[in-house]
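Subject: Structure handover

Hello,

Please find the structure below. My notes on what was found in it follow.

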Amino acid sequence: TQLCYHSELDRLKTQVRELEAQLKVLQATVRKAQKVLLFPNGMTVGEKIFKTEGSEGNFETSKAVCSQTGGLLASPRNSAENSAIQQIVARHKKMPFLGINDIQTEGIFKHLNGEALGYSNWASNEPNNSEGKEDCVEVHSSGKWNDRSCAEKRLIIYEY
Ligand code: GMH
Ligand code: CA
């Protein structure tokens, strides 16, 4: 029986090696498919996908449109995610609103789920709540953030 166990173990080892090789091929295939499908309207960062359809809306409309498609308004949690959004901004030459605002408490910016801002990338002297009416956040082509009136129309960027 010892001989049998060994040959069974060898068979399983070979099978694992084959599956690992197949997984590598599959991963490369998915990466390539994603790259083709997401150009030029989307970007992947780790598990996250940012995507636009090129349409614009004010903050409320942008939020609603994203939810309707099962996503959320883009809300970067780190510099890699912000850079991905910046690339979409550059390709479309239009600024988006982020899923970040200080509507509830002036000066305290939060994500749509109520999460406090960990990462931020404000332009110098921002947020300034200019004219006392800037509760939303737009992203410049530099990737820097500026608070701006939620009534403005901006490029809608979804995250999934
Ligand atoms: C003011 C000034 C500008 C600044 C804008 C901007 C509007 O007009 O402080 O320098 O760029 O506000 O913050 O959102
Ligand atoms: Ca501002």
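Ligand 1 has Glu126, Asn128, Ser130, Glu134, Asn146, Asp147 and Arg148 around it, where a residue counts as near a molecule or strand if its C-beta atom, placed from the backbone, lies within 6 Å of it. By class, this shell holds no nonpolar, 3 polar and 4 charged residues; Ala, Val, Leu, Ile, Met, Phe, Trp, Tyr, Cys and Pro count as nonpolar, Asp, Glu, Lys and Arg as charged, and the others, Gly among them, as polar.

Before the rest, some conventions. The model is predicted, so local features need pLDDT of at least 70 and side-chain atom pairs count only at pLDDT 80 or more, while totals for chains, interfaces and linings use all residues. Residues are numbered from 1 along each chain as its sequence is written, and chains are lettered from A and ligands numbered from 1 in the order in which they are written.

Domains. The protein chain is split into domain 1 (1-38) and domain 2 (41-159), with bounds from an automatic or database domain assignment. Their centres, taken over C-alpha atoms, are 41 Å apart.

Sheet. Four strands form an open sheet in the order β5-β4-β6-β7, with antiparallel pairing. The edges are β5 (110-111) and β7, each with a single partner strand, so one side of each has no neighbour in the sheet. Helices (H or I, at least four residues) and strands (E, at least two) are DSSP runs, numbered from the N terminus, and two strands pair if DSSP finds at least two bridges between them.

Going through the pairs, β4 (residues 97-101) is joined to β5 by 2 bridges, and Asn101 stands opposite Lys110 in β5. Another 2 bridges join β4 to β6, also antiparallel; here Phe97 has Glu138 as its bridge partner in β6. Between β6 and β7 there are 4 bridges, and Cys136 is partnered by Arg148 in β7. The hairpin of β6 and β7 has 5 residues between the strands, and Gly143 takes a positive phi near 90 degrees there.

On β6, Cys136 and Glu138 point one way and Val137 and Val139 the other, and all are buried. A residue is buried if 20 or more other C-beta atoms lie within 10 Å of its own, exposed if 12 or fewer, and partly exposed in between, with C-beta atoms placed from the backbone.

A further hairpin is made by β1 and β2, with 2 residues between them, and Gly46 in the turn has a positive phi of about 60 degrees. These strands pair in the antiparallel sense over 4 bridges, one of which links Val45 to Lys48 in β2.

Helix. The 14 residues of α3 (residues 79-92) should span 20 Å at 1.5 Å a residue, and the end C-alpha atoms are 20 Å apart, which agrees; the expected span is 1.5 Å times one less than the number of residues. Asn82, Ala84, Ile85, Gln86, Ile88 and Val89 are buried in α3. The buried residues of α3 pack against β1 (42-45), β2 (48-57), β6 (136-139) and β8, contact being C-beta atoms, placed from the backbone, within 7 Å. Lys93 follows α3 and has a positive phi, near 50 degrees.

Loop. Glu152 lies between β7 (145-148) and β8 (154-159). With 15 other C-beta atoms within 10 Å, Glu152 is partly exposed. Its C-alpha atom is 18 Å from that of Glu106, which is 46 residues away along the chain.

Regards

Technical notes: Two residues are in contact if their C-beta atoms, placed from the backbone, lie within 7 Å.
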